[in-house]
Every structure is written in C-alpha cells, then in structure tokens.
Amino acid sequence: MSKSSLGWLRQLGPGLLFAGMAIGTSHLVQSTRAGAVFGLGLAGVILFANVAKYPAFRFGAQYAAATGETLIAGYRRVGLLPLLFLMAVFVFAHGFAVAAISLVTAGMLKAVLGVSLPVIPTIVLVLVGCTLFLALGRYKLLERVNRLFMGLLTVATLIATVLALPSVDWSFYPDSAPAFDLGAFMFVVALAGWMPSPIEASVFSSLWTLAKKQSSGVAAPAASGDAASDAAARATAVHDAVADFNVGYVGTTILALCFMLLGAGVMHSSGVIPEDTAPGFAAQLVGLYAGTLGAWSAPVVGFAALTVMFTTAITVLDGLTRALVVSWATLRAVPEASTQAGTGRAYVFVLVGLGVAALLLVAFFMQGFRAFIDLVTSIAFLTAPVFAYLNHRVMMQDGVPDIAKPRGMIRLWSYASIILLSLFALVYIWLLVR
C-alpha cells in the first residue's frame, strides 16, 4: 500500500463516527421494523431520506475543514435566531434522542447478556458507562473503539443479508404489507426523520472534524500570504474531510438497506411482528442473525450489535455535549479557539446533566417502545428542512472560501433537497391538523 493511501486511511475518523452515531436507532430499529412490516415497500423512503439529506450533512464536515470553525459559529454568523433555534432543538429534541438511544441500548444489554435488572436500572448502567468512557477516554479512544465494532457488525450484517436474500419477497409493495393509510404514513415520517440521522447532527460532524485535526496535531488551514498556496491547502483539507465523510455516509446507506432486507427476509416472510419493548425487539434482532448465519452467530453478533449501540449512545452523547458547550460559549461571544469543547469541567457537567435528563424522560414520558421512538424521529422530520436551509446559508456566506462553496451539481442538489423536505414536512403538518 502506498504512502498516499495510508495517509488517506489515517484521515478516516469523523465520517466513521457519524456512521457509528447513525447505525443505531434509525438502522437497528427503524430499518428493521420497516422490512419486518412492509417488506421492501419502504426501500424508496430509505433511499430518498439518505439522498435528500446528503448535502446538508456533507456541509458540516466541509465547512469545518474550510474555515477551521464549527457549524455553530456559522449559524451565529447567519444570525442570533438560527443559533437559538439550534440550541433549543439540542436541548429538547435531542434530550428525547439520548433517552431513546439509551432505551434501545439497555434493551440490547438485557437481551444479549441476560441482564435481569428492570429497564430503568439498566439504563442507569448504560448512561454511567457511557459517561465514564467519555470523561476518561476522549476522542482518540472513541474513534478506535468505533472502528473496531463498526467493522465487526458491518461484516456480519453483509453476510447475513446475502443469506437472507432468497427469502425476500421482491414485490414493489407486498400484498402481505398493511394498507398504506395514515398510520403507515406516520411510520414513514418516523423512518425518514432519523434516516440516517437528524440533520442537526451535521453539527457533530463539524465538531469531530476539528477534534480529529486537534488530536492528530494538524492545524486548520491558515492564511500564509501566498494565495495559490492557501487555496491548495484549503482544497486539500476540504477534499480529505469530504472523502472521509462520504465513506461513513455511503456505509450507513448500505447498512440501512441491509437491515431492511434482513427484516423483510427473516421477519416479514415468516409473519413475525416486531415486539413493542426494547428487550423484546433486541432479542428479535439478534434472532435475525441466528436465523441466517446459524445459532453460533447469536452471541458473536449480539455482542457486536450491543457494542455498536453503546457506540451510538457514546457518539450522540459526545457530539451533543460538545455542541452544547460550544453553543453556549458562542452565545456569550467566547471564541471557539478558547473553548474546551471536549474537555474540562463544562464538558463533564453537561455530559452528566444529559444523562440525568435522559433517565428522567424515559422514567416519566415513555408510553411504549414504538411510540417513544416514533415521537423522537418525527420531531427530526419536521425540523429537517429548516436545518437543510440553514446549512446551505452557512456554506454560501462571504466568510467561506470560494474553493469550498457548493457549486454545480451539489448546489442544485442542496436546493432540491430543501424544497422536497419542506413539501413533505408541510404534508405531514396538514395531515395532523386537518
């Protein structure tokens, strides 16, 4: 392998963290449920959501690489209201998101390891474990653990999917699937809302892009006085960041389809109805692999799925904590360069606060596993066009180097995505209020 190839591989990290964050509730739960209930009927929804959200997600890594600052700073440059809206979504919607992911992780822990504790104490174990890991491990350990277990689950999922293909009903919309009524549309909303992740999570990508540079000792591009040299440095930084992001994003899209095919080939073809409890559904998920790879695979893949859910919980907690710390500092006009986004007392304080809030939400507001997950994902569906528009605005600002501004196809793609996401959100609101 050439030195240039090794250099490119060393750049991988933030994109794989994005994949680790996404391949959790949206994939393990929602994609599998989609296949189990609708067969291949919602494959187009999964593809549409991934394609439509791509520009907005890509802009998170692209903006950070080009400017040396996060999307949070970009939102503040657009105005105070975008920053306040971002913070409000982080506090309220993502509080529910952390709770939902913790619930799924706890269910996986009970199903795989046979933990006999009730759900709430199990969630406490999950949150304490994630908090200690982040408080002690920081970015480098998070990146290494994520690479290992993402690789294991990916290989197992691809093999299981291939073995499940003969059992898949390849009809566009199988007769055995429920009628596409209002209830089905609401599930489509929930599926698309977190597929592959809420768009505001693009902020996490920008934070991880800068954290990667800091942990590797690589400084953000800075003006040298030579216009040609500066442009080349920016172009290289942007290219590396986008390439890294694309690896993670394409991987999440492929795995989303794989989980849908597993649900369709193993559960839908057998008439298995997804469980409405986190431990019950987790046990069904492990059973998908056992049914295709053999009983020997259940403990191996179950452990990999459990660790990936822990990775999802950890990455979401890390990204949200960093985002809240930087957002609060930005609101007070504190420069990002002097803000300890991933270290310091503020990071630990917010991290612990998020864990406590998630536990309270699960304890007092959960009315059922599916309803809880669908609530969280539906909120993301409604806010998606707003964040797609804001990310586009941030990229078109005068402060973004011309070499990094979206042009040509990606710019048109972004416009089309904003329009389509807005139309679907309006249809959803109309159905709710009519």
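Visitor: Why is Ala333 called exposed?
Guide: This is a predicted model, and the relative accessible area computed for Ala333 is 65%. Exposed means over 50%, so Ala333 qualifies. Ala333 lies in the loop between H12 and helix H13 (344-365).

Visitor: What is the phi of Ala333?
Guide: Phi of Ala333 is near 65°, a positive value in a residue other than glycine. Most residues other than glycine have a negative phi.

Visitor: Why does Thr252 count as buried?
Guide: The cut-off for buried is under 20% relative accessible area. Thr252 has 0% relative accessibility, and therefore counts as buried. Thr252 belongs to helix H10 (residues 227-268). Not counting residues up to four places away in sequence, Thr252 touches Phe18, Ala19, Ala22, Ile23, His27, Asn50 and Pro196.

Visitor: What makes Thr209 buried?
Guide: Thr209 has a relative accessible area of 7%, and buried means under 20%; Thr209 is therefore buried. Thr209 sits in helix H9 (residues 202-215). Leaving out residues up to four places away in sequence, Thr209 touches Pro14, Ala61, Ala64, Ala65 and Ala241.

Visitor: Why are H6 and H12 called roughly antiparallel?
Guide: Helix H6 (residues 80-113) and helix H12 (residues 297-331) pack at an angle of about 160°, with their axes 9 Å apart. Angles over 145 degrees count as roughly antiparallel, and H6 and H12 are therefore described in that way. The residues of the contact of H6 with H12 comprise 26 nonpolar, six polar and no charged. The crossing of H6 and H12 is left-handed.

Visitor: What makes H4 oblique to H8?
Guide: Helix H4 (residues 43-67) and helix H8 (residues 182-193) pack at an angle of about 40°, and their axes are 9 Å apart. That angle makes H4 oblique to H8, because roughly parallel requires an angle under 35 degrees and roughly perpendicular one of 65 to 115. The crossing of H4 and H8 is right-handed. H4 contributes Val45, Ile46, Ala49 and Lys53 to the contact, and H8 contributes Val188, Leu191, Ala192 and Gly193. These residues divide into six nonpolar, one polar and one charged.

Visitor: Which residues touch the most other members of the largest nonpolar core?
Guide: They are Met108, Leu153 and Tyr289, in a core of 108 residues. H6 gives the most to this core, with 17 residues. Apart from neighbours within four places in sequence, Leu153 is in contact with Ile23, Phe259, Tyr289, Val301, Ala304, Ala305 and Val308. A second, separate core has 25 residues, including Ala34, Ile46, Leu191 and Tyr428.

Definitions and conventions: Residues numbered from 1 in each chain as written. Predicted model: local features only at pLDDT ≥ 70, side-chain atom pairs only at ≥ 80, totals over all residues. Heavy atoms only, no water. Helix = DSSP H or I, 4+ residues; strand = E, 2+ residues; numbered from the N terminus. Buried < 20%, exposed > 50% of the residue type's maximum accessible area, 1.4 Å probe, protein only. Contact = heavy atoms within 4.5 Å. Axes fitted to C-alpha atoms, helices over the stretch in contact; angles between N-to-C directions. Left-handed = near helix turned anticlockwise from the far one by under 90°. Nonpolar A, V, L, I, M, F, W, Y, C, P; charged D, E, K, R; others polar. Core = buried A, V, L, I, M, F, W, Y, C linked by side-chain atoms within 4.5 Å.
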